[in-house]
Structures are given as structure tokens and as C-alpha cells.
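Have a look at this one with me. I've jotted down a few points to follow along the chain.

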Amino acid sequence: IGDFLYKVLKKKINDIQSPIIELLKSTWAKDNDDLTKLLKPIITYPSDQAKRKTGVNSLITDNEIEWNDAKQIIRDGFDKLAANIVLRKEENNSLLVLERIVNFSLFATFFYLISCNYYLHNGKLPPLLIDSGVELESIKKASEQTYIMAKKSIEDYVVNVSEKIIKAELTADTEKACLDWINDMVIDKDTDDSKRKAIISYFNNFLLEEKSPKRALARSLQIALYTLLYSNNTPSDFCRVLGVRGGLIGPRGNRATRKRYLINAFTLENITLSVLTEDDFKYGIELKDLSRRLSDVYNILLGADSDYEYKILEENNIVQSTPGDLRGDLSLNAQNLAAIYISIGLGKQYADGVTLIGGEL
């Protein structure tokens, strides 16, 4: 993750118009406290593992970065967050800057994990329905389902990556070719037979569902990875930990098995700052327009543009399996989120009921 986030920050590092780079330079250029000395190298330089791979201690260069739309969204988010930190006059508070960057980094990594199947393999982009925490049952259920979709997106990504590798190694899309490929796999010798038999069993089961044996093999490898290799920490589990630690997913605690996007105020503030332009910050943006922008950028749903967001949930088969008045509850959810924005100083409600979000209201 450290290497990935560094590469995102490193992109266009020579562009002096890059707010995130300028912020990091200005924040740590004059700092000599112990915290900065400890953490600055982690953010500024590649990890030891990256150094061992390249054999040098120099910074990672731009031409090593394979770019895509998801990384561009994250890159733009970091830049807008940095610009708004400066507008808030927080750039001299290195601890707060670090806290904001780390918090947004957790969200950025989570977003990349759940969206890369969409951006790289034409899968579905899962919506993130934010629950404001007012115990609206339909919102709770719908948010839980959108979180399940996110985990499923990661699983689909693993399948698609596996299928890509298989297609590169196998010319024939036949059951025999796939079984031969499994039998030729290099597996831990101590448990070679049991793991190979398990993969063959998964493969035979998926053959009944898939027309393509290669696809069935890819799905069997995804199950094998989750159960045999990552049994204690699957990619989906890692996604959950990122979300919980980053204040995006709740309730916290292992007993709360049904997770949803129960965001905390600080994370909501950071994500919002990552989409606000300078004009938005100075003059404000209506909550409904902000809701549409968050949807367009991250597929985050607040509920303020209820008709549009209801349609997104309907297209993803969330509405059909959610009890209650989801459309009406989306608006109630947005009203409570508006109250949160106001409480953290990022929103103002006027007599006509319009809520503006910005930093200088």
C-alpha cells in the first residue's frame, strides 16, 4: 500500500502546480520535531522492499507508474484536499496535515480496491451509501448491501486477474487443458495433494455454472486463494479493516458482523474537502450539488439528490431488496448529514431550507 500511495503522490511530482506536493514540501521543509523526523521518510521515499527490487535508493520515477482513471481520481482528490488545507490555513499544523493525509489515504486505498475491477475489467462500480447514523432501517439495510457489493467487487477483480493470467498461459479453453494446468501448478509440497484436490473440486463445481472452463478455473483459484492462502486475512477482510480504521465503515468491533458505511465526521470532512474546488470552498456549494459530485467522483451517495441516487440503487438491485420507504429515507439521511456538516463548521443552513457546504460561509 505504501508503494502504491507513494506512486499516486509521485505522479507529476515535477509539476509545481500540484497542491499535494507543494503542501508536503512546505509542511515538512521547516519541521524538525521528532514526529516529522520519524514519518517524513515513510511518505517521501519508497519502502525498503521497493529499494531491494530496484537495487537503488533513488525515488521512484514517473515512468514506472501504470496510470488509470481510478488513480487519477485519487490523485485529484489528494490535490484538492491539499489546496483546501491551505485555504483553511492548516498547513503549518504538521500533525493535523499528517492526520488528514493518512485518513484520506485509507479511504483512497479502500476506494481503489473496490473500484479497480470497474476501471480495469469493466465490472460494476459499487455505490457507497453513507448512513448518517439516525437509525433509518431502510438506509441501514441498503448501506449494508452496498458494502457487500464492494467486497464482491474485490472478489470479482481477483477472478478477472486470475483469468487474465490463465488466458496468457493456456491456448485451449477446455476442461482437460485446465485440469492439466492445475496438475502442473507448483504448490506447497507439505500439503500438495490436499490443496490440489481442493482446487480440482472447486473447478468441477464451477464448470456446472460457467460456459468457459478458463472462467471456471479462475473462479476456483479465487476460492483457493481466499480459503487456502489468505484464510486469516482475505483481500475482502483487508478492505473491511481499512474501512473501519479509516472511519468509513461501522459499527466497530468484531461482534458487529453486519457492517455498513457508518462514516465519522472527520472522514466525511476529508472526503468532502477532496472534491471541493476553491470557489466551492469560498462561496459554498448546495448540499444537493455536493451529493451529485460525490456520486460522480466516488459513487458515494448522501441522499440529498434522492431521485438520482434512488435510481443508482435501483440499477444495482438494492432498492428491490430493501424494506421501507428508501426514497423518503434518503432525504432524511441527507438532512442529518447536513446537520453534521454544520456541526463541524463546513455547512450553513439558511431560512429557505437551503444548506450550503463550504469553508468560508
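**Notes on the fold**

1. Helices (H or I, at least four residues) and strands (E, at least two) are DSSP runs, numbered from the N terminus. Residues are numbered from 1 along each chain as its sequence is written. Keep in mind that this is a predicted model, where local features need pLDDT of at least 70, side-chain atom pairs count only at pLDDT 80 or more, and totals for chains, interfaces and linings use all residues, while side-chain values use heavy atoms, leaving out hydrogens and water.

2. Helix 11 itself has Ser236, Cys239, Leu242, Gly243 and Val244 buried (under 20% relative accessible area, 1.4 Å probe, protein chains only). These buried residues pack against helix 6, helix 7 and helix 10, with contact meaning heavy atoms within 4.5 Å.

3. Of its 51 residues, Leu248, Tyr261 and Tyr298 touch the most other members. Helix 6 gives the largest share, 10 residues. Another core, of 16 residues, lies apart from it and includes Phe203 and Phe206.

4. Last, find the open sheet: 3 strands in the order 2-5-4, paired antiparallel (pairing takes at least two DSSP bridges). Strands 2 and 4 sit at the edges with a single partner each, so one side of each has no neighbour in the sheet. Strand 2 and strand 5 share 2 bridges, and Glu286 stands opposite Leu356.

Methods:
Core = buried A, V, L, I, M, F, W, Y, C linked by side-chain atoms within 4.5 Å. Buried < 20%, exposed > 50% of the residue type's maximum accessible area, 1.4 Å probe, protein only.
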